[in-house]
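Please look over the structure below before reading the points.

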Amino acid sequence: MSTLSDSHINSSSFVLTGVPGLEVYSLWLAIPFSSIYAMVFLGNCMILHVIRTEPSLHQPMFYFLAMLAFTDLCMGLSTVHTVLGVLWGFMQKISLDFCIAQSYFIHGLSLMESSVLLAMAFDRYIAICNPLRYSSILTNDKIMKIGVAISCRSSLLIPPVIIRLKFLSYCRPHVLSHSFCLHQDLLRLACSDIRFNSIYALFLVIMNLLLDAVLIIISYIMILHTVLAIASREERMKSLQTCVSHICAVLVFYIPIIGLTMVHRFGKHLSPLVHVLMGNVYILFPPLMNPIIYSIKTQQIRRRVQRLFSLDKQSKS
């Protein structure tokens with residue numbers, strides 16, 4: 001009887017949350033959210049297209065940027081159907097299996113983005129601190145191996161904690177805090193022993209996100225030390241300018257993650273609207289901002305994008 005009960009509990013669906021208190025305005029809210037997703041897809045596809053079609057951008061720095069754009073594109077694809085589905089009114093619930101799959105992609109892609117940002121920091125460190133060996137260290141073969149390592153790290157470390165969600169009993173009200181599924185959100189609804197999930201999730205955060213952040217900070221300390229030793233002020237500014245885009249991308253990624261973690265951990269007394277807002281910032285802000293940052297701050301990308309739009313105008317005229 002207990003087994004049947006658990007099976008029933010685990011096979012049930014979960015209610016997705018739109019924007020609490022603003023349900024009557026869901027259709028109006030769907031318009032800006034749809035626009036944001038359109039910008040996410042167009043912006044990241046544009047970055048990928050520019051890098052693929054411009055031979056001068058076939059360099060390590062831009063290969064890593066392509067990895068970042070691909071990751072951001074996948075993040076958008078993994079959440080668009082539930083976020084817009086809730087706002088447009090054609091999706092209110094999600095099955096446990098679908099929820100677990102979405103959770104896997106969201107958390108796996110977060111690990112992948114963190115890893116790519118670390119690889120980009122390594123690229124900047126080699127370019128500034130060891131420029132004479134840059135081309136010999138970051139060969140195409142090495143970049144391919146780094147890409148495979150990033151994929152393996154993000155895809156193989158997540159399953160143990162995600163698969164276990166399938167075997168938990170969910171006896172609390174099946175209402176999620178967001179319009180998409182997160183591991184910590186499902187744990188909140190579970191009444192089984194969640195110690196393994198909590199400990200393993202903490203291990204993942206420390207050994208991946210936190211470790212990556214520390215290594216990125218160390219790389220920039222070493223970069224700053226090298227740059228300050230350059231006699232020419234113009235050369236110092238030129239070297240630092242190549243890092244601005246990456247620093248912005250790191251901040252755009254880590255600040256929402258820290259904010260969402262704090263809200264889930266310590267913000268139980270906060271309005272549900274705050275949880276929803278932070279969740280949407282976490283999944284949408286980096287994919288939206290990264291193409292904008294690199295299109296504005298990276299000269300080679302900016303010129304190629306301008307040329308792309310000028311060609312479109314000429315063809316129309």
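**Notes on the model**

1. Ser 110 is buried, because its relative accessible area is 6% (buried means under 20%, exposed over 50% and partly exposed in between, with a 1.4 Å probe and protein chains only). Ser 110 sits in helix H4, residues 96-129 (helices are DSSP runs of H or I with at least four residues, numbered from the N terminus). Apart from neighbours within four places in sequence, Ser 110 is in contact with Met 75, Leu 209, Phe 253 and Tyr 282 (contact means heavy atoms within 4.5 Å).

2. This is a predicted model, in which local features need pLDDT of at least 70, side-chain atom pairs count only at pLDDT 80 or more, and totals for chains, interfaces and linings use all residues. Residues are numbered from 1 along each chain as its sequence is written, and side-chain values use heavy atoms, with hydrogens and water left out.

3. The chain has a mean pLDDT of 88, and 94% of its residues reach 70 or more (pLDDT is the predictor's confidence in each residue, from 0 to 100). Over residues 1-10, pLDDT stays under 50, and the model has 11 contacts beyond four places in sequence for them. Where pLDDT is low, the predicted coordinates should not be read in detail.

4. Ile 206 belongs to helix H9, residues 195-228. Its relative accessibility is 41%, so Ile 206 counts as partly exposed.

5. Gln 241 is in helix H10, residues 233-266. Gln 241 is partly exposed, because its relative accessible area is 43%. Between Gln 241 and Arg 124 there are 117 residues in sequence and 11 Å in space, C-alpha to C-alpha.

Technical notes
Helices (H or I, at least four residues) and strands (E, at least two) are DSSP runs, numbered from the N terminus.
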